[in-house]
Amino acid sequence: MNYLNQLNWRYATKRMNGQQVPQDKLDRILEAIRLSASSFGLQPFEVFVIKNMETRKKLKPAAFNQPQFDEASEILIFAYYDNLSSTHVNEYIDNIASTRGVSIDSLEAFRKTMQTTVDTKGKEALHIWTSRQAYIALGTGLVAAALEEVDATPMEGFSPEKVDGILGLAEKNLKSVVMLALGYRDEANDTLAKAKKVRKPKEKFYHFI
Ligand SMILES: Cc1cc2nc3c(=O)[nH]c(=O)nc-3n(C[C@H](O)[C@H](O)[C@H](O)COP(=O)(O)O)c2cc1C
């Protein structure tokens, strides 16, 4: 498979046809998202996989009634930790220690570096930082979907406050930041399905120094 062909094939699908993504493909896309890089490896966000149509009906008005809420196979919602605390840092340290079979003491310098980073950022800067990690995973998911020949729409067009209210995210210490609809394009009704990709020319994009 030529991945550049797949990246040209993909587009932010506005209309989907309701076809379901096979479970094995969905599992691999979700795994790619879980494997995504994050700063320190801390993964300061979680992902909600919304298949339930009742929930999607409630979410749709919070996202400008975008039709993907009716037509996608799944809507993934990326949500970052509102309060990133020492609990998250310590859980990560425990995970490294048990996964790699090393002592927690040997990770003390790393733990301190992470904790200092978290402690010295103000709440707003911390939210920006944690959101960025979610966006990197979104990008990984977009590429994985393209390789699986599953259509996808990255979506920022929603009210995070409303979505958080519907999903009860505040109680989980989470804030929604971006979504990814997965499904299959409706070529007959999506005006962008056959549109040429628009990107900056290489000479205006790259600086080779
Ligand atoms: C972070 C992000 C948020 C986006 N939000 C939406 C959205 O809410 N609804 C939508 O239809 N497209 C959304 N898009 C899709 C972009 O409009 C699209 O990626 C862009 O026009 C480039 O076209 P292409 O991805 O089809 O190649 C979003 C894209 C990104 C990366």
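Student: What share of the contacts in the chain with a separation of 6 or more comes from residues 24 or more positions apart?

Tutor: Two residues are in contact if their C-beta atoms, placed from the backbone, lie within 7 Å. Here, residues 24 or more positions apart account for 82% of the contacts with a separation of 6 or more. The model is predicted: local features need pLDDT of at least 70, and side-chain atom pairs count only at pLDDT 80 or more, while totals for chains, interfaces and linings use all residues. Residues are numbered from 1 along each chain as its sequence is written.

Student: How many helices and strands does the chain have, and in what order do the elements run?

Tutor: Helices (H or I, at least four residues) and strands (E, at least two) are DSSP runs, numbered from the N terminus. This chain has eight helices and four strands. Read from the N terminus, the elements follow the order α-α-β-α-α-β-α-α-α-β-α-β. Along the principal axes, the C-alpha atoms of the chain fill a box of roughly 60 × 50 × 35 Å.

Student: How are the strands arranged in the sheet?

Tutor: Two strands pair if DSSP finds at least two bridges between them. The four strands form an open sheet with the order β1-β2-β4-β3 and antiparallel pairing. Its edge strands are β1 and β3, each of which pairs on one side only. On average, neighbouring strands are turned by 25° against each other, direction ignored; axes are lines fitted to C-alpha atoms, for helices over the stretch in contact, and angles run from 0 to 180 degrees between N-to-C directions.

Student: Which helix packs on this sheet?

Tutor: Helix α7 does, touching β1, β2, β3 and β4, and its direction makes about 155° with that of β2.

Student: How many bridges join each pair of strands?

Tutor: Six bridges join β1 to β2, and Glu46 stands opposite Ala79 in β2. Between β2 and β4 there are eight bridges, with Tyr81 opposite Leu174 in β4. β3 and β4 pair over five bridges; there, Met155 has Met179 in β4 as its bridge partner.

Student: How is burial judged, and what does β4 show?

Tutor: A residue is buried if 20 or more other C-beta atoms lie within 10 Å of its own, exposed if 12 or fewer, and partly exposed in between, with C-beta atoms placed from the backbone. Of the 209 residues of the chain, 31% count as buried. Strand β4 is mostly covered, as ten of its ten residues are buried.

Student: Which residues touch the most other members of the largest nonpolar core?

Tutor: A nonpolar core is a set of buried Ala, Val, Leu, Ile, Met, Phe, Trp, Tyr and Cys residues joined through C-beta atoms within 7 Å. The largest one has 44 residues, of which Phe78, Ala79, Ala134, Ala145, Met179, Ala181 and Leu182 touch the most other members. Two or more residues come from each of α2 (23-34), β2 (74-81), α6 (108-120), α7 (123-147), β3, α8 (160-167) and β4 (174-183). The largest share, eight residues, is that of α7. Leaving aside neighbours within four places in sequence, Ala79 is in contact with residues including Phe45, Phe48, Leu169 and Val177.

Student: Which residues surround the ligand?

Tutor: A residue is near a molecule if its C-beta atom, placed from the backbone, lies within 6 Å of it. The ligand is surrounded by Tyr11, Ala12, Lys14, Gln66, Thr153, Pro154, Met155, Glu156, Gly157, Val178 and Lys197. Strand β3 (residues 151-155) gives the most to this shell, with three residues.

Student: How does the shell divide by residue type?

Tutor: Ala, Val, Leu, Ile, Met, Phe, Trp, Tyr, Cys and Pro count as nonpolar, Asp, Glu, Lys and Arg as charged, and the others, Gly among them, as polar. The shell divides into five nonpolar, three polar and three charged residues.
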